[in-house]
Amino acid sequence: MAISPGRDAAFSCQKSALSESLQTKKFPLTEEEIFYMNCRAAYLTVFKSSLENIISKEQLYLALQHAGRNPSQKTINKYWTPQTAKLNFDDFCIILRKEKPTSKAELLKSFKQLDVNDDGCILHADLYKLLTKRGEKMTREEVNAVTSLADVNADGKFDYIKFCKLYVTTNEQCLKTTVEKLEVDSKLRRQQFGNHIEEPPERDPSSVPKPSPRIIRKAEQETFSNKGDTRSSSLATTRKFKTSISFTITMGANSNRNSKLTEPNSIKEWQCVQSKGCFFLEEDGEIISHQYRMQIAQRSMVYLTIKPLNLSQVEGKPSPWLSIDTALYILKENESQANLQLMCFTELRNREVFGWTGELGPGIYWLIPSTTGCRLRKEIKPVTEEAQLVYRDETGELFLTKEFRSTLSDIFEVIDLDGNGLLSLEEYNFFELRTSGEKCDEDAWAVCRDNFDTKKNELTRQGFMDLNLMEANDREGDPRDLWVTLHSMGYNKALELTEACPFVIDIYADKCKPRIKAVHMEACSGQLEKAICKSVLNKGDARVMDGYENIIVHTYKRDTWITSVIENKSDNKVIIHINNELSKNCVNNRGLNIFAVEVAPKSTMVCQHVMPVNERQEWIYYCVYSLIS
């Protein structure tokens, strides 16, 4: 665990801080609403409006403190880089999601490791080593600030039990004060996005009407409501907008039946190649994945598919990655890698398989995997019990546990990209880059070959197991480095794969055997963002903002999800406010029902992806886009 006393209070503390001020509510708030209220309360304590931007490190630090956080300088620097000019409210919400709360119990457990006398105290010298050398490293000045606190230090010792209590109490009180200020200040409350009116009328919380499509025209002050709906007052958002436009799309349960993916009749006679890969969820919520180059030697009919990789499933353990959406964008390389032309993407579906069939000419193609991010998200539910990775027998010899060996076997399956049951140096280096940020050179690989089981200069599954056992022995059984590897690969403390989605790509061609090679493991942005925007502009429905012909909202409906792209043809940046509150059975990739985006002049951007929470039920996408500036 990254150990830093300057981290967030536990989310449970946040909920308790809100409980008193929310007792008058007739309907309890969800955790999502509580989180969003905390964001707004903290932001509006520092700024007069949600539309104001954070323009300095000091403002970011202050806003995070009011949200019950106490970030270290390293945390601030992670979000405020030399290239950062400003952060908006949407960015602030994302930061609060990324910075996981640290509970009192977790803090106590971390400090207790250095409590050699088991008396609740740590020598200042030991504390300095802990906080500056391990986990999220603190500066000397930050450590001195901790050791100079009179209430928790005496005789060169740090009373960590008192400190943890003081830390949690202070963060609770800070958040409680911030929320109470928002609750009593009705004027301030109206400044926020997604305002909830107090004391909504009694209603059936399960009933959600089907709103009709409409365009809300330009007015001095717009009020969004579903007329005739008795719940409208609780969902009304009153704000001055220049113009607004709304969309309603009703999708039936299991709607993919209308455009089902089918294999070509003669596919058994076609030549096939396969490669595996993985989507990884970063700490900041960004998704990275393998990217590929494909070579087609002659013009051929091609059938491409991508689907989640089915790993060994342990009874009683969930397999959440199997429900994650996948897609593949195919771009042709013309004169250079920088000049890529979108050819097609896998828009048809059969269960968990997404695919495309068509003709491709000879040449080099880039295959860029994509997932919307609606279902591959940071894990919210904390894991209370940590799985055991290693143990010693009666002779003291160290072994990997059965559960850990099973997990390592699954990891081997994921990183064995060509599926030949062996790891080449190239495949192993993708794993090394992901887990350590470094590559293994030829000399180190030769040492690996000499000490572990290999075949044809490639590492076997058993050799991979022994390599991890050696790492455990090098650390005398301390599993912390092993956990770094596991977390990097998307596993939680219960050895469940929750923050990654392995996938497999199959390519068939009728005239030649395709060649495919993984060449990068990068963020799903850049070329992918351009490809998504182009596909939506080509295939989606376009709606012009009333009175602003240079601002266009493009919406593309697929069987499984809906993507919206905002196109700004004007010479000025625009800010668009998005409200999804009336959507039913929907989840979007941003994790917020209400947010705002800034669109640069002469540009397009992916606004949001929306998917059903439950595909077996009807889902209604109802979204209002409003121009703020």
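Glu-282 is partly exposed in this predicted model, its relative accessible area being 24%. The side chain of Glu-282 meets that of Arg-434 in a salt bridge, with an N to O distance of 2.7 Å. The two partners belong to distant parts of the chain, 152 residues apart. Glu-282 is located in the loop between strand 7 (271-281) and strand 8 (287-296), whereas Arg-434 is part of helix 13 (residues 425-435). Arg-434 has a relative accessible area of 14%; because this value is under 20%, the residue is classed as buried.

A salt bridge also joins Asp-90 and Arg-590, whose closest N and O atoms are separated by 3.0 Å. Asp-90 lies in helix 5 (residues 89-98) and Arg-590 in the loop between strand 25 (586-588) and strand 26 (594-599), so this pair ties together parts of the chain that are 500 residues apart in sequence. Asp-90 is buried, with a relative accessibility of 7%.

A further salt bridge is formed by Arg-475 and Asp-481, with 2.5 Å between the closest N and O atoms. Arg-475 has a relative accessible area of 43% and is partly exposed. Asp-481, at 29% relative accessibility, is likewise assigned to the partly exposed class; the assignment follows because that class covers values between 20% and 50%.

Salt bridges also occur as a network, in which Lys-86, Lys-573 and Glu-598 are linked. In total, 19 salt bridges are counted in the model, including the pairs Arg-434 with Glu-282, Arg-590 with Asp-90 and Asp-481 with Arg-475.

Definitions and conventions:
Residues are numbered from 1 along each chain as its sequence is written. This is a predicted model: local features need pLDDT of at least 70, side-chain atom pairs count only at pLDDT 80 or more; totals for chains, interfaces and linings use all residues. Side-chain values use heavy atoms; hydrogens and water are left out. A salt bridge is a side-chain nitrogen of Lys or Arg within 4 Å of a carboxyl oxygen of Asp or Glu. Helices (H or I, at least four residues) and strands (E, at least two) are DSSP runs, numbered from the N terminus. Buried means under 20% relative accessible area, exposed over 50%, partly exposed in between (1.4 Å probe, protein chains only).
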